[in-house]
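Please keep the sequence and the model in view as you go through them.

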Amino acid sequence: MTYKCSEYKLIEKKAISSGVFSFTILCPEVAELAVCGQFVHIRVEGYTLRRPISICEVDKNKGTIRIVFEIRGSGTDKLSCLNVGDDVDMIAPIGNGFTVKETAEGKRIIVVGGGIGVPPMLETAKAHKKATALLGFRDYSRVILVDDFKRTGIEAIVCTEDGSVGIK
């Protein structure tokens, strides 16, 4: 497994839901190596342990990766305070990633994710081209990335525990 350990520029930051952030990081050598299903380890100042966060998207042409994370404690809360232009101390890409298989003619792949497990499914679905994403969330306020799946031509079926959007 090959990985890089360095500081990379945060070039885009968006709050996409309450307590959920999307970061786009300029890291050409990481983007070149990354495949769907891998993750990054981010060092947060003041904390000994790095934060593992799955890779949501890879753009090899632009040399970027996108991560989406939820604030789950003081470490990810501090991470969410980074701003465009700040450096992100990262070890990446980590893990073996998912196996991408050829889809038989007329067949589709189904990817399934729930909550903060949805982000790595985006790059996975894109890698398979013909994909349907089954996405589960607690309620409407927690729904993330549906438009991103649709933007790339992936059918997204949303389910919520309370039935506030999609299938109950």
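1. The largest nonpolar core has 23 residues, and those with the most contacts inside it are Phe 23, Ile 25, Val 40, Ile 65, Ile 67 and Met 90. A nonpolar core here is a set of buried Ala, Val, Leu, Ile, Met, Phe, Trp, Tyr and Cys residues joined through side-chain atoms within 4.5 Å, and buried means under 20% relative accessible area, with exposed over 50% and partly exposed in between (1.4 Å probe, protein chains only). The elements that give two or more residues to this core are strands E1 (4-17), E2 (20-26), E3 (39-43), E4 (51-59), E5 (64-70) and E6 (87-94), together with helix H1 (28-33). Helices (H or I, at least four residues) and strands (E, at least two) are DSSP runs, numbered from the N terminus.

2. Before going further, note that this is a predicted model, in which local features need pLDDT of at least 70 and side-chain atom pairs count only at pLDDT 80 or more, while totals for chains, interfaces and linings use all residues. Residues are numbered from 1 along each chain as its sequence is written, and side-chain values use heavy atoms, with hydrogens and water left out.

3. Which residues does Met 90 contact, leaving aside its neighbours within four places in sequence? Its partners include Tyr 8, Ile 25, Val 30, Val 40, Ile 42 and Ile 65, and also Lys 4 and Arg 50, where contact means heavy atoms within 4.5 Å. In soluble globular proteins, nonpolar side chains tend to be buried together.

4. Six strands close into a barrel in the order E1-E2-E5-E4-E3-E6, and the pairing is antiparallel; two strands pair if DSSP finds at least two bridges between them. Neighbouring strands of this sheet are turned by 45 degrees against each other on average, direction ignored. Axes are lines fitted to C-alpha atoms, for helices over the stretch in contact, and angles run from 0 to 180 degrees between N-to-C directions. Helix H3 (residues 119-128) lies across E4 and E5, and runs at about 30 degrees to E4.

5. Strand E6 deserves a separate look. Six bridges join E1 to E6 in the antiparallel sense, with Tyr 8 opposite Val 88 in E6, whereas E3 and E6 pair antiparallel over four bridges, and Arg 43 has Asp 89 in E6 as its bridge partner. Seven of the eight residues of E6 are buried, so this strand is largely enclosed by the rest of the structure.

6. How many aromatic pairs does a search of the whole structure find? There are two, counting rings of Phe, Tyr and Trp (its six-membered ring) whose centres lie within 6.5 Å, with planes under 30 degrees apart called stacked, over 60 edge-to-face and the rest tilted. Phe 21 and Phe 69 are stacked, at 6.0 Å centre to centre and 25 degrees between the planes, and they link parts of the chain 48 residues apart. Phe 23 and Phe 69 are edge-to-face, at 5.1 Å and 85 degrees; Phe 23 lies in E2 and Phe 69 in E5, so this pair ties together parts that are 46 residues apart in sequence.

7. Phe 21 is buried at 14% relative accessible area, and Phe 69 is buried at 3%.
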